[in-house]
Amino acid sequence: MRPTPFAFAAAALLLAACGKPAAPPVEAPAAPKAAAEPAAEAAASPAFDAAALGLPTDADSIADGREIAVTQCSSCHALDQETSPRPGAPPLRYVLSIHNPESLAEDFRAGIHVGHPDMPDFEFGDLGMDVLLSYLISIQETPPAE
């Protein structure tokens, strides 16, 4: 059986890729900005390395984390560019400027109450906590100066 031109092209692509460093992991896209917000005034995102924290960084995990945030957090905390429904509850895009992601995960996993006295305790499980943190990291912005 003779190799097809496709087989030659595929082999050439594989050989061309040999020895080249792997491409850096793709960051999940952040929530879209409001259309009226000028790019120069967009809030800077704090630097958190989800992969270094051992958190999943793939789009499906981040989407799963968003789903948890929608069902468990959005009744008090704002998602995207909204204002929080509960006064005093920080928008989720600012939460990690208040809480270190490693500490927040440890506190939730240990059942330590985090936040205000009325904040309910949640049991996300290890995977749930990981994908929720991955989502939170993917949307973080630096809060505006008060």
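The protein exposes about 9700 Å², and carbon and sulfur atoms supply 61% of that area; accessible areas come from the Shrake-Rupley method with a 1.4 Å probe, and for residues only the protein chains shown count as cover. This is a predicted model, in which local features need pLDDT of at least 70, side-chain atom pairs count only at pLDDT 80 or more, and totals for chains, interfaces and linings use all residues. Residues are numbered from 1 along each chain as its sequence is written, and side-chain values use heavy atoms, with hydrogens and water left out.

**Overall make-up**

- The protein has five helices and zero strands, where helices (H or I, at least four residues) and strands (E, at least two) are DSSP runs numbered from the N terminus.
- Along the sequence the order of elements reads α-α-α-α-α.
- Of the 146 residues in the protein, 29% are buried; buried means under 20% relative accessible area, exposed means over 50%, and partly exposed lies in between (1.4 Å probe, protein chains only).
- Contact means heavy atoms within 4.5 Å. Among contacts between residues at least 6 apart in sequence, 62% join residues at least 24 apart.

**Nonpolar core**

- A nonpolar core is a set of buried Ala, Val, Leu, Ile, Met, Phe, Trp, Tyr and Cys residues joined through side-chain atoms within 4.5 Å.
- The largest such core holds 25 residues, and Leu92, Leu104 and Leu136 touch the most other members.
- Two or more residues of this core come from each of α2, α3, α4 (101–110) and α5.
- The most is given by α5, with eight residues.
- Beyond its neighbours within four places in sequence, Leu104 is in contact with Val95, Leu96, His99, Val114, Leu133 and Leu136.

**Salt bridges**

- The count is two salt bridges, each defined as a side-chain nitrogen of Lys or Arg within 4 Å of a carboxyl oxygen of Asp or Glu.
- One of them joins Asp80 and Arg66, whose closest N and O atoms are 3.1 Å apart.
- Asp80 lies in the loop between α2 (59–73) and α3 (95–98) and Arg66 in helix α2, so this pair ties together parts that are 14 residues apart in sequence.
- Asp80 is partly exposed, with a relative accessible area of 22%, and Arg66 is also partly exposed, at 29%.
- Arg93 and Glu141 form a salt bridge through their side chains (3.8 Å, N to O).
- This pair links distant parts of the chain: Arg93 is in the loop between α2 and α3, Glu141 is in the segment after α5 (125–139), and the two are 48 residues apart.
- Arg93 is buried, at 8% relative accessible area, and Glu141 is buried at 5%.

**Rings and charges**

- Arg93 also lies over the face of Tyr94, at 4.7 Å from the ring centre; a charge sits over a ring if NZ of Lys or CZ of Arg is within 6 Å of the ring centre and within 35 degrees of the ring normal.

**Two single residues**

- Ser61 is in helix α2 and is buried, with a relative accessible area of 12%.
- Not counting residues up to four places away in sequence, Ser61 touches Pro56 and Val131.
- Ala110 is in helix α4 and is exposed, at 56% relative accessibility.
- Ala110 and Glu123 are 13 residues apart in sequence, and their C-alpha atoms are 9.6 Å apart in space.
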